[in-house]
Amino acid sequence: MLLRLLKEEGRRCWTLQYAEAAHFHLDILAALVGKDYKVLLEKSMSIGNLEEAKGLGIRITDKEHPMYRSATEPAYWLMSNPFGYAIWFEQRASLALVKGRILTESVKPVPSYQPTKLPLQRIVQILKRHRDIMFNGDEDKPISIIITTLAGRAYRKQTNVMEALQAVIDTMHLYVEDRYDNLWGKMVKWISNPVNEEENFADKWPDCPAREQKFFQWLGQVKTDVARLQFQRITEIQESLGHSFGKAAAASAFSIIGERYLQNRQSGGMRMAAGTGMLGSLGRTIVRPHSNFGGNEDDIIV
């Protein structure tokens, strides 16, 4: 598929638009890398060393920077670290230490496809989906790198996605700092790159207060929506999820859940918890496989 230039240079990137599909585009970021960068990158990939990954920074341009048109020394340019960030997120999401294993596999900046996602990966997907439904294309919506970073910092290796999600949204705000910014000459909100402290992911908030306002508006709404789920019946939960995350996504999720419950019951793994009557893999009461033709035996065995 052919590419054509969609628009002039953005603040940091050039955007190329697919000529045959207006909703697909490619962002290209011009950058300079340091000496022996390839050697350091390969070494960091092989051992997953976060401290060494901090040395994978690149220098990027920003046309709104006061020295954009005059600085010839890259040391004055903004620094970013996308490869180091990928390694950081992999380590934050990993459950290897929780399960008592030592992390020995190679960590790659762009990991291969994994059919089963880790809890932190699921949480980021859920939060971004909620954001997309809530703002529906609004350019001032919370950006993905901020959601991912705050979720990664707040995550505490919980293995239950719902428990982890609740804990993450309850503590994300603690990682939004107040710092003095020399460029702006005042205190600003600061969400630092975990592998590059001088990079502020919220650097556009001072120039566009609506972005800061909408981030906290979104965070308050996702807290409300997740809390509401804990006090609803199954049909109400599906309706709420449809409103917050999209009807198609909610219907698909409940279809998968239903299929898993059916398979669990047919295999004899379905149980009922005493007192609450909740169905799941835990409990003393075994729920027998269902027969469309009936039978002489009870469906539930204690």
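**Close-up views of a predicted model**

**View 1. A nonpolar patch on the surface includes Ile-28.** Ile-28 is partly exposed, at a relative accessible area of 39%. This residue belongs to strand β3, which covers residues 25-29. Trp-14 and Leu-26 complete the patch with Ile-28. Together, the three residues have about 260 Å² of accessible area. As in every view here, the model is predicted.

**View 2. Helices α4 and α7 pack against each other.** Two packed helices are described by the angle between their axes and by the distance between those axes. Helix α4 spans residues 119-135, and helix α7 spans residues 209-229. Their axes lie 11 Å apart, at an angle of about 110 degrees. Angles of 65 to 115 degrees count as roughly perpendicular, so α4 and α7 are roughly perpendicular to each other. Their crossing is right-handed.

**View 3. Thr-149 is buried in the model.** Its relative accessible area is 0%. Thr-149 sits in helix α5, residues 144-154. Trp-88 is 61 residues away along the chain. The C-alpha atoms of Thr-149 and Trp-88 are separated by 9.7 Å.

**View 4. Asn-136 and its loop.** Asn-136 lies in the loop between α4 and α5. Its phi is positive, about 50 degrees, although Asn-136 is not a glycine. Asn-136 counts as exposed, with 69% relative accessibility.

**View 5. Lys-157 and its loop.** Lys-157 is found between α5 and α6, the latter covering 161-171. Phi is near 65 degrees here, a positive value in a residue other than glycine. Lys-157 is partly exposed, at a relative accessible area of 24%.

**View 6. A salt bridge joins Glu-198 and Arg-59.** The N to O distance is 3.8 Å. Glu-198 is in strand β10 (residues 196-200), and Arg-59 is in strand β5 (residues 58-60). The pair links distant parts of the chain, 139 residues apart. Glu-198 counts as partly exposed at 47% relative accessibility. Arg-59 counts as buried at 17%.

**View 7. Arg-179 forms salt bridges with Glu-177 and Glu-197.** For Glu-177, the closest N and O atoms are 3.3 Å apart. For Glu-197, the N to O distance is 3.0 Å. Glu-197 lies in strand β10 and Arg-179 in strand β7 (residues 177-181), so this pair ties together parts 18 residues apart in sequence. Glu-177 is partly exposed at 31%, Arg-179 at 22% and Glu-197 at 42%.

**View 8. A network of salt bridges links Arg-131, Asp-132 and Lys-141.** The structure holds eight salt bridges.

Methods: Residues numbered from 1 in each chain as written. Predicted model: local features only at pLDDT ≥ 70, side-chain atom pairs only at ≥ 80, totals over all residues. Heavy atoms only, no water. Patch = residues over 30% accessible without salt bridge, like charges linked within 9 Å, V, L, I, M, F, W, Y side chains within 5 Å. Areas by Shrake-Rupley, 256 points an atom, 1.4 Å probe, with all protein chains shown as cover. Salt bridge = Lys/Arg side-chain N within 4 Å of Asp/Glu carboxyl O. Helix = DSSP H or I, 4+ residues; strand = E, 2+ residues; numbered from the N terminus. Buried < 20%, exposed > 50% of the residue type's maximum accessible area, 1.4 Å probe, protein only. Axes fitted to C-alpha atoms, helices over the stretch in contact; angles between N-to-C directions. Parallel < 35°, antiparallel > 145°, perpendicular 65-115°, else oblique. Left-handed = near helix turned anticlockwise from the far one by under 90°.
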